[in-house]
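Here is a briefing on one predicted model. It covers a helix packing, a sheet and a loop residue.

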Amino acid sequence: MPSTPAASARRWRLPVLATAAVLVGVTVPGAAAVPAPEAQASATTATATVSAYDDTYYAPAVGKTGTSLKSALHSIIRNQTKISYSAVWTALKETDEDPANSANVRLLYSGTSRSKSLSGGDLGDWNREHVWAKSHGDFGTSAGPGTDLHHLRPADVQVNSIRGNKDFDMGGSPVSGAPGSYTDSNSFEPRAADKGDVARMILYMAVRYEGTDGWPDLEPNDSVTNGTAPLHGRLSVLKQWNEQDPPDAFERKRNDLIHGKYQHNRNPFIDHPEWVEAIW
């Protein structure tokens, strides 16, 4: 059952309270360790950005919870510009550009920095990974969920093939070419740095595509045997990943680029990760 807005807000503010406690010499029971300076600066930037969108873009959703929040967010983010599948190649070279090397993209699941020119289908290339597997609802690569940049990421060809259309869960054997990632017969676990990204991409899709515009009604569940049903799991694990791996500067910049230049809609769970618990 979703926690109350107050409880959710307390949980996400905890590191800030801990920092304040250290500064004034007061101990906060159960508080997290003091964030690194760069993490504090990142959190400050995120707060400023979200505040601006709360007054405009998210205004119809602020203060709501549960199905009311999900419905309000769907109405907001369904207004998007659709791009072609071929245009995704060009977009990913910008949205996933390696901050340390503008000639490269950063790959999902491995964190590898690879030349933008190595886009394709051969071993050593990177290709377009559908984080919400396109077979889960059978929407293919047509403009819509099949080309939605909010869940399309560059990934190593071989690693992408290993992931296949598996649901997300914990455990399995190490994935070759993606240190920290694991897989078994029916699930895939991304490395720690990508866990929250994956969770927020899956849950974005569940809010954006509600079966109202000719596409399947996509929903998360707690199964790892979803096959071609328009379902993706495992929800309980995705919720944990969302909290364990909060949005970082790379993810926020990506959200801004998709909103400002390509689709003109946002992933609300990057701006408000606490809304995951408020809905589910």
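Leaving aside its neighbours within four places in sequence, which residues is serine 181 in contact with? They are Tyr109, Ser173, Pro174, Val175, Phe188, Glu189, Pro190 and Arg191, where contact means heavy atoms within 4.5 Å.

The model is predicted: local features need pLDDT of at least 70, side-chain atom pairs count only at pLDDT 80 or more, and totals for chains, interfaces and linings use all residues. Residues are numbered from 1 along each chain as its sequence is written, and side-chain values use heavy atoms, with hydrogens and water left out.

**Serine 181**
- Serine 181 sits in the loop between β7 (173-174) and β8 (182-183); strands are DSSP runs of E, at least two residues, and helices are runs of H or I, at least four.
- Serine 181 is buried, at 1% relative accessibility (buried means under 20% relative accessible area, with a 1.4 Å probe and protein chains only).
- A polar atom of the serine 181 side chain lies 3.0 Å from the backbone nitrogen of arginine 191.

**Helices α3 and α6**
- Helix α3 (residues 66-77) packs on helix α6 (residues 192-208) at about 85°, with axes 8 Å apart.
- That angle makes α3 roughly perpendicular to α6 (65 to 115 degrees).
- Lys70, Leu73, His74 and Ile77 of α3 meet Tyr204, Ala206, Val207 and Arg208 of α6.

**Sheet**
- Three strands form an open antiparallel sheet, in the order β1-β2-β3; strands pair if DSSP finds at least two bridges between them.
- β1 (97-98) and β3 (113-115) are the edge strands, each with a single partner.
- Three bridges join β2 (residues 101-106) to β3.
- Arginine 106 stands opposite serine 113 in β3.

Notes:
Axes fitted to C-alpha atoms, helices over the stretch in contact; angles between N-to-C directions. Parallel < 35°, antiparallel > 145°, perpendicular 65-115°, else oblique. Buried < 20%, exposed > 50% of the residue type's maximum accessible area, 1.4 Å probe, protein only. Polar contact = N/O pair within 3.5 Å; in protein donor to acceptor, adjacent residues only side chain to side chain.
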